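Here's a quick tour for anyone meeting this structure for the first time. Have a look at the model, then come back for the notes.

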Amino acid sequence: MRIGDLPPFVLPSPSQVVATAIEQAPLLGQHVATTATEAVLGLAMGTMLGWLLAVLTSAFPTSGQISQPVVLLSQTIPTVVLAPLMILWAGYGLTPKVTLVALTVFFPVLVAATAAIRDVDAEYSDTVAGLGGGKVHQLLLVRLPASVPGALAGLRIAATYAVGAAVVSEYLAGESGIGVFIQRSRKAYAVDQIFVGIALIAILSALMVAAIVALRRVATPWQINLVST
Amino acid sequence: MTTTASNTDRTSEAHRSSEPILSVRDLTITFPASRGGRGGRQDGGLTVLDALSLEVHDGEFVAVLGPSGCGKSTLLRALGGLLDARARVEGTIAVPSDASGRRATAWMPQRDGLLPWRRAMANAMVGAIAAGVPRDRAKPRAQHLFKEFGLTGFERAWPHELSGGMRQRLALLRTCLAERPVLLLDEPFGGLDPVTRRRMNAWLATVHLTEKAAAADAEVGDASKSGSGVVLVTHDIDEAMTLADRIVVLSDRPGRVVHEARAQQRRGERYDRGALLSALDC
């Protein structure tokens, strides 16, 4: 398939992109593995961070009032600006990239988990307190489980950002990863390879979202019937 | 006006002579005025209860009857230690406490309060967990009560899979498993249809009598036991008349005690319905 008179080195055909992907497959495996590792670890770390912060700020509202402006401000800073600082502080290894992914994904998890806790908190917390339960009981029996569906909903959104954030961090430093592959392809004017990289980002993101949807079914079994009815 | 029926049974006589297990003296509760306060609010806020006094004696089932919005639920929340921190409380509330100094009451909310993420058995166990009842004692009792409450076979059901009546029974079961001497029931069957509601009232009467007998047995060997009682808040006069040893009628907001009546066990009807209805109309 050709669009207009654009030559293949400007806009390659899908068949050419597929052919390039097959040809580059042995090389791509390592790049995909690196990006997937950064995205998964960052996603896990960011989720834990966002989830914990949501639970803690609901249990101690004052801490929420203090942390909220800081958290909001942190989200105004683009990843690409933070990346050089991370590399300066944490080196060229996996750590700065995982940290960048975590910083990108924790916000949607925090927002969704906080909303989930707020929606159910009063009624159920009162029930537990009315039976003699203290703050710890309310945390373990109500806030923590109440936050799970929200955290997972936020995680599903976050998963779509995670691979992109990992790729951006690889642009700035790294020896392996889809970002590095795209950078090298750009320098070699191999547009077909750039398209292979873009397709890999999309496929990896879709796989992560699918994994989280599956995780949601396992982690919130009480919602399965609610969703289908 | 506070009246007491003269023909009381022996239990009621005992109630009057013994020390109350729970008492409220001149309780006034005021909520702070919100911006753009509505009608009924004064400059000092919204007074929900006004100089209310109430006592519950050992083994007694007291129904607090009153129109909607008269402060019945607020009274129960105050007894259960669940009042909003912003509420201004005047007067005294004396509720029993357990050995560890915790409030010895178990509150059952208007809505069942079942946790959607816990199966039926796990929800029932919330009562025991929150109250600190050891699991090895609570679990066999829960299994026994599932049978007693007609919930056998539904131990692994999610709350949304249960009918309204089953959910309320489960909530009551959870409250019983807390093993607190004083039960505070806030219109526990308010959302149910009349037939289910009548059945649930029969359940509750049975539960109360069973708990009373168990408490009496336990008291033989435990002189330190503080006694047991039930406070039921309702706007259903039939429910109150069926279940309670004593009925306290509250006025419209701010709630005050306008009438009090004890059950007359040896007559056809336990209460003078006319007197209760006229007190409610005050």
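The notes below cover a sheet, one of its strands, a helix pair and a chain contact.

This is a predicted model, in which local features need pLDDT of at least 70, side-chain atom pairs count only at pLDDT 80 or more, and totals for chains, interfaces and linings use all residues. Residues are numbered from 1 along each chain as its sequence is written, while chains are lettered from A and ligands numbered from 1 in the order in which they are written. Helices (H or I, at least four residues) and strands (E, at least two) are DSSP runs, numbered from the N terminus.

**The sheet in chain B**

- Chain B has an open sheet of six strands, ordered S5-S6-S7-S3-S8-S9, with mixed pairing; two strands pair if DSSP finds at least two bridges between them.
- At the edges sit S5 (105-108) and S9 (257-262) of chain B, each pairing on one side only.
- From one strand to the next, the twist averages 15 degrees.

**Strand S7 of chain B**

- S7(B) covers residues 229-234, and six of its six residues are buried, meaning that 20 or more other C-beta atoms (placed from the backbone) lie within 10 Å of a residue's own.
- In a regular strand, side chains alternate between the two sheet faces.
- Here both faces are covered, with B:Gly229, B:Val231 and B:Val233 buried on one side and B:Val230, B:Leu232 and B:Thr234 buried on the other.
- S3 (residues 60-65) of chain B runs parallel to S7(B) and is joined to it by six bridges; B:Glu60 has B:Gly229 as its bridge partner.
- S6 (residues 182-186) of chain B also runs parallel to S7(B), through five bridges.
- B:Val182 is bridged to B:Gly229, and B:Leu184 stands opposite B:Val231.

**A helix pair in chain A**

- The axes of H5 (residues 135-172) and H6 (residues 178-187) of chain A come within 7 Å and cross at roughly 50 degrees; axes are lines fitted to C-alpha atoms over the stretch in contact, and angles run from 0 to 180 degrees between N-to-C directions.
- The contact is made by A:Val167, A:Val168, A:Glu170 and A:Tyr171 of H5(A) with A:Ile178, A:Gly179, A:Val180 and A:Gln183 of H6(A); contact means C-beta atoms, placed from the backbone, within 7 Å.

**Where the chains meet**

- The contact takes 17 residues from chain A and 23 residues from chain B.
- On the chain A side, H4 (94-130), H5 and H8 (224-228) each supply at least two residues.
- H4(A) gives the largest share of that side, seven residues.

How values were computed: A residue is buried if 20 or more other C-beta atoms lie within 10 Å of its own, exposed if 12 or fewer, and partly exposed in between; C-beta atoms are placed from the backbone. Two residues are in contact if their C-beta atoms, placed from the backbone, lie within 7 Å.
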